[in-house]
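User: Please show me how to read the features of a structure that is new to me.

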Protein chains: 2
Amino acid sequence: MRVESFVTPALLLDRHRLERNIRRMAEKARRLGVALRPHIKTHKCVEIAKIQRNHGATGITVSTVYEAMTFARAGFDDITYAVPLSPDKFQPVREIADAARIKILLDNPTTVDRLSDFCVEQGISLDVMMKVDVGYHRCGVTYDSPEAVHLAERIHAAPGLRFVGILTHEGHVYDASTTAEIRRRVDDAQRAMVSLARKLKERNAALAPEVVSIGSTPGMSLVEEIADGITEVRPGNYVFYDYEQVLLGSCGIDDCALTVVASVVGVYDDRIVIDAGATALSVDPGPEHLNLQRAFGRIVRINGERAEIPGLTIVSLSQEHGKVRLEDNADKLTIGDHVEIVPNHSCLTANLFDTYHVIEGDKVVARWRISRGHCGSANV
Amino acid sequence: MRVESFVTPALLLDRHRLERNIRRMAEKARRLGVALRPHIKTHKCVEIAKIQRNHGATGITVSTVYEAMTFARAGFDDITYAVPLSPDKFQPVREIADAARIKILLDNPTTVDRLSDFCVEQGISLDVMMKVDVGYHRCGVTYDSPEAVHLAERIHAAPGLRFVGILTHEGHVYDASTTAEIRRRVDDAQRAMVSLARKLKERNAALAPEVVSIGSTPGMSLVEEIADGITEVRPGNYVFYDYEQVLLGSCGIDDCALTVVASVVGVYDDRIVIDAGATALSVDPGPEHLNLQRAFGRIVRINGERAEIPGLTIVSLSQEHGKVRLEDNADKLTIGDHVEIVPNHSCLTANLFDTYHVIEGDKVVARWRISRGHCGSANV
């Protein structure tokens with residue numbers, strides 16, 4: 001089939017751009033001498049993770065136990081579950097650990113004790129990464145606090161737990177306003193992690209982290225050096241990129257591999273309406289701190305060299321409608337025309353669909369499943 | 001199972017609140033003498049639509065062909081597809097029309113001609129509603145424009161099409177700041193629709209609309225009178241309500257039937273982090289025009305009389321994390337505690353899950369499937 005015959009909205013994945021993004025990041029990680037453990041929460045797709053593995057990814061990162069289960073079943077046997085573990089996930093993680101080596105994340109002494117008790121009771125041992133906060137202030141122990149050392153010691157000492165390393169997500173790079181600022185924040189994050197690793201080793205050789213892990217797409221797209229002592233990087237979004245990454249300077253519009261194809265369903269004096277709304281694009285507003293006019297993704301030309309179409313701005317989304325403001329210089333669009341949209345946030349957009357329609361030029365060459373959902377779906 | 005044993009995040013649906021909301025709206029429609037055609041885009045769930053039908057709903061409203069297909073297969077045989085039809089949907093609608101009576105929506109002369117040609121070619125006839133704009137300025141012909149009359153005439157005259165009525169969605173009630181303003185806008189919408197219906201009838205008795213349809217949850221929750229000449233209402237969100245409706249004054253917090261149960265996965269000095277992020281709650285910011293502090297849903301007490309928990313504000317969401325700011329008066333929460341969240345926008349939240357866990361008190365009494373997805377999933 002060809003793109004123009006779609007029932008819309010549908011999700012398109014440009015295979016050439018996807019593979020180029022995967023190859024470039026893999027080459028960069030090799031050049032910089034760090035392991036690449038991509039975050040699969042962006043794509044939730046076994047076929048894409050296999051391409052990443054074929055290019056040398058050493059394992060994967062997930063952010064839900066559902067993702068961990070899905071990829072363990074598909075034969076991925078080295079998984080880092082990069083959200084602090086809560087007790088409702090002990091049993092699911094225990095089941096995954098039968099099929100794959102799973103590293104879990106802790107940042108709280110109470111959970112260390114509870115998980116240790118659970119592991120002893122179950123007669124198992126789990127690999128634990130300590131989550132570190134280097135400035136994002138979401139999760140983690142502060143990198144230069146006494147608690148960081150105490151918690152590492154506690155994990156190391158806990159029966160049933162094996163302390164394997166430290167992990168941060170320098171998510172505050174997304175709040176930077178310039179690429180220079182992103183680079184600076186990533187450098188600071190690396191220094192903080194290396195300094196904590198050194199402190200732990202000095203305290204006790206047994207605490208020397210095997211893995212020192214950082215990771216974000218803007219960071220890994222923009223840095224050209226990795227500090228000695230960082231062993232692993234975990235970017236996720238780079239497989240697709242998106243319009244937020246374009247605005248942050250992580251990539252160009254032509255690198256964006258994921259788009260939503262929508263139909264024009266209404267044409268009016270000052271606007272058109274398309275059949276891609278909040279359930280097709282997500283209402284992620286993009287990088288609001290850049291003080292740009294708010295827009296929900298960017299309309300681009302279909303196929304060939306990617307270019308933004310001037311004079312069209314997606315100004316609001318309701319559930320199934322997207323309202324597009326027309327400037328005077330806008331192309332004349334009519335009912336039934338297709339538009340292709342680079343979403344603001346490809347991770348959230350992919351999570352709204354069941355299927356990637358993989359395209360080469362204007363031909364669909366494959367359909368890949370998106371394993372979206374929650375472990376809660378399986379609650380029994 | 002009991003609520004406390006969930007693997008989180010999971011979606012809870014309080015059966016008592018759901019049935020109370022459905023019953024009240026059904027009683028109101030009966031009292032006001034209008035047909036109730038609920039919009040099922042909110043719940044996408046056959047079981048819930050059956051409860052609505054048992055309470056006297058005369059048909060359903062859908063906003064995608066996928067929803068139309070799903071509900072036609074489940075035996076719903078009177079469906080209004082309330083988004084202007086685009087040519088990619090002609091063939092799917094033609095297939096649905098074999099199983100159910102489907103009314104489609106048009107607001108553009110070009111599509112009238114193209115659909116008419118299609119129907120003639122296929123040897124079928126389709127029921128058409130004309131979409132009217134009464135102030136929301138998303139889709140529709142302006143109610144008092146000459147185009148409105150011309151378009152109705154064109155539909156009426158088109159072979160293969162049957163003009164059955166006029167339809168509006170007074171979505172601009174969501175931009176109102178007071179309940180008085182919502183009521184005023186709904187009254188104006190009713191007057192506009194009745195006046196257009198009269199004008200059409202005066203022009204040509206054959207143009208007298210059988211159906212004059214309006215519909216929004218804030219409107220139907222707050223009005224106590226319906227203008228003579230309005231025949232049908234199409235609220236959707238009222239089955240669940242949500243925190244946006246609470247803030248708009250459409251309902252109280254205790255009417256909200258849908259919640260997300262999440263676990264505390266991190267505890268820090270100034271905040272906790274929960275395992276409900278953008279993929280569990282959606283990043284809908286709620287009614288921004290009210291200039292409230294931005295928050296992504298409201299944390300409430302689990303079970304019993306619903307009450308907001310003071311001192312906790314969900315200030316930001318990343319993909320799987322929710323960051324909750326703690327005020328001094330906040331309850332002391334610890335890792336593994338469950339919190340229950342009334343989402344800002346229940347339609348978008350439900351669309352992120354596969355299953356409603358239907359609860360009575362703290363017991364799960366049923367699991368109902370959510371038919372989320374896009375027709376694009378079935379592209380072949």
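Analyst: Helices (H or I, at least four residues) and strands (E, at least two) are DSSP runs, numbered from the N terminus. This is a predicted model, in which local features need pLDDT of at least 70 and side-chain atom pairs count only at pLDDT 80 or more, while totals for chains, interfaces and linings use all residues. Residues are numbered from 1 along each chain as its sequence is written, chains are lettered from A and ligands numbered from 1 in the order in which they are written, and side-chain values use heavy atoms, with hydrogens and water left out.

User: Where does A:Lys44 lie?

Analyst: A:Lys44 is in the loop between β2 (35-36) and α2 of chain A. Most residues other than glycine have a negative phi, and most peptide bonds are trans. A:Lys44 is not a glycine, yet its phi is positive, about 50°.

User: Which peptide bonds are cis?

Analyst: In chain A, the bond from A:Thr8 to A:Pro9 is cis, with omega near 0°. A:Pro9 belongs to the segment before β1 (10-14) of chain A. In chain B, a cis bond joins B:Thr8 and B:Pro9, with omega about -5°. B:Pro9 is placed in the segment before β1 (10-14) of chain B.

User: At what angle do α1 and α2 of chain A cross?

Analyst: Axes are lines fitted to C-alpha atoms, for helices over the stretch in contact, and angles run from 0 to 180 degrees between N-to-C directions. Helix α1 (residues 15-32) and helix α2 (residues 46-54) of chain A cross at roughly 40°, and their axes come within 9 Å. Therefore α1(A) is oblique to α2(A) (under 35 degrees is roughly parallel, over 145 roughly antiparallel, 65 to 115 roughly perpendicular, and the rest oblique).

User: Which residues of α1(A) and α2(A) meet?

Analyst: A:Leu18, A:Glu19 and A:Ile22 of α1(A) meet A:Ile48, A:Ile51 and A:Gln52 of α2(A); contact means heavy atoms within 4.5 Å. By class, this contact has 4 nonpolar, 1 polar and 1 charged residues (Ala, Val, Leu, Ile, Met, Phe, Trp, Tyr, Cys and Pro count as nonpolar, Asp, Glu, Lys and Arg as charged, and the others, Gly among them, as polar).

User: How do helices α3 and α4 of chain B pack?

Analyst: Helix α3 (residues 65-73) and helix α4 (residues 90-97) of chain B pack at an angle of about 15°, with their axes 10 Å apart. That angle is why α3(B) is roughly parallel to α4(B). On α3(B), the contact is made by B:Val65, B:Ala68, B:Met69 and B:Ala72, and on α4(B) by B:Pro92, B:Val93 and B:Ile96. These residues divide into 7 nonpolar, no polar and no charged.
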